[in-house]
Amino acid sequence: MSARPIAHLSRRWSFVAAHRLHVDSLPAEQNREIFGKCNNPYGHGHNYIVQATFSGPVDEATGMVTNLADLDAFAKAELLERYDHQNLNTIKPFLTLVPTTENLAVEVWRIFSAYPHAKLTRIHVEETGNNAFDYFGEGEKEVS
Ligand SMILES: Nc1nc2c(c(=O)[nH]1)N=C([C@H](O)[C@H](O)COP(=O)(O)OP(=O)(O)OP(=O)(O)O)CN2
Ligand SMILES: [Zn+2]
């Protein structure tokens, strides 16, 4: 048995979605204070960019970590068809979870971690040209 080199493959997809940052259990004033313009009751939209990174051995025969065609098919079925041109607040788990991009990155991790052909190691989500969020599948940390 020979050891194969480990490579890291990243692929990007984009989708358009609306959202409103709001916590039902908090009073309207506090929602406005925390979320500012993003608490606007009519919502607003973003051109989200999702980048998923998979890490693994380069297959000796194909020269690939995973076939991009397989990955695209998975992303289309599991990510784009779920989110593109949707209101995030109306889709699980955001019926009960604020659709910040941190939470979106964690949910996108959950989705891509089911990809059967390679190991997911990073999710990167760009919300605007100024805001980007990363999730590496880490567990919860105690915060004070
Ligand atoms: N920690 C987080 N803070 C904010 C998030 C988030 O997901 N996590 N999201 C938003 C908004 O959704 C918002 O639409 C982004 O607004 P803003 O940062 O103001 O956007 P830009 O600076 O890129 O654009 P401008 O319109 O030029 O201000 C807010 N906070
Ligand atoms: Zn927003």
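Student: Where is His-85 found?

Tutor: Helices (H or I, at least four residues) and strands (E, at least two) are DSSP runs numbered from the N terminus. In this predicted model, His-85 sits in the loop between helix 2 and strand 3. Two conventions apply: residues are numbered from 1 along each chain as its sequence is written, and chains are lettered from A and ligands numbered from 1 in the order in which they are written. Local features need pLDDT of at least 70, side-chain atom pairs count only at pLDDT 80 or more, totals for chains, interfaces and linings use all residues, and side-chain values use heavy atoms, with hydrogens and water left out.

Student: What is phi of His-85, and is the residue buried or exposed?

Tutor: Most residues other than glycine have a negative phi, and most peptide bonds are trans. Phi of His-85 is near 60°, a positive value in a residue other than glycine. For burial, the terms are buried (under 20% relative accessible area), exposed (over 50%) and partly exposed (in between), with a 1.4 Å probe and protein chains only. His-85 has 61% relative accessibility and therefore counts as exposed.

Student: Which peptide bond is cis?

Tutor: The bond from Lys-92 to Pro-93 is cis, with omega near 5°. Pro-93 belongs to the loop between strand 3 (86–87) and helix 3.

Student: Which pattern does the chain follow along the sequence?

Tutor: The pattern is β-α-β-α-β-α-β-β, from three helices and five strands. Of the 144 residues, 35% count as buried.

Student: Which residues coordinate the zinc ion (ligand 2)?

Tutor: Donors are N, O and S atoms within 2.8 Å of the metal (3.2 Å for Na, K and Ca); water is not among the atoms, so sites may look incomplete. Here the zinc ion (ligand 2) is coordinated through NE2 of His-19, His-44 and His-46, at 1.9 to 2.0 Å. The sequence spacing of these donor residues is H-x24-H-x1-H. Because His-19 lies in strand 1 and His-44 in strand 2, the pair ties together parts that are 25 residues apart in sequence. His-19 is buried, with a relative accessible area of 1%, whereas His-44, at 23% relative accessibility, counts as partly exposed.

Student: What should the span of helix 3 be, and what is found?

Tutor: The expected span is 1.5 Å times one less than the number of residues. Helix 3 (residues 101–112) has twelve residues and should therefore span 16 Å; its end C-alpha atoms are 16 Å apart, which agrees. Its buried residues include Leu-104, Trp-109 and Phe-112. Contact means heavy atoms within 4.5 Å. The cover over the buried residues of helix 3 includes strand 1 (6–19), strand 2 (44–57), helix 2 (68–83), strand 4 and strand 5 (132–135).

Student: Which residues of the largest nonpolar core touch the most other members?

Tutor: In soluble globular proteins, nonpolar side chains tend to be buried together. A nonpolar core is a set of buried Ala, Val, Leu, Ile, Met, Phe, Trp, Tyr and Cys residues joined through side-chain atoms within 4.5 Å. Of the 31 residues in the largest core, Phe-15, Tyr-83, Leu-104, Phe-112 and Ile-123 touch the most other members. Strand 1, strand 2, helix 2, helix 3 and strand 4 each give two or more residues to this core. Leaving out residues up to four places away in sequence, Phe-15 touches several residues, among them His-46, Leu-79, Tyr-83 and Leu-104.
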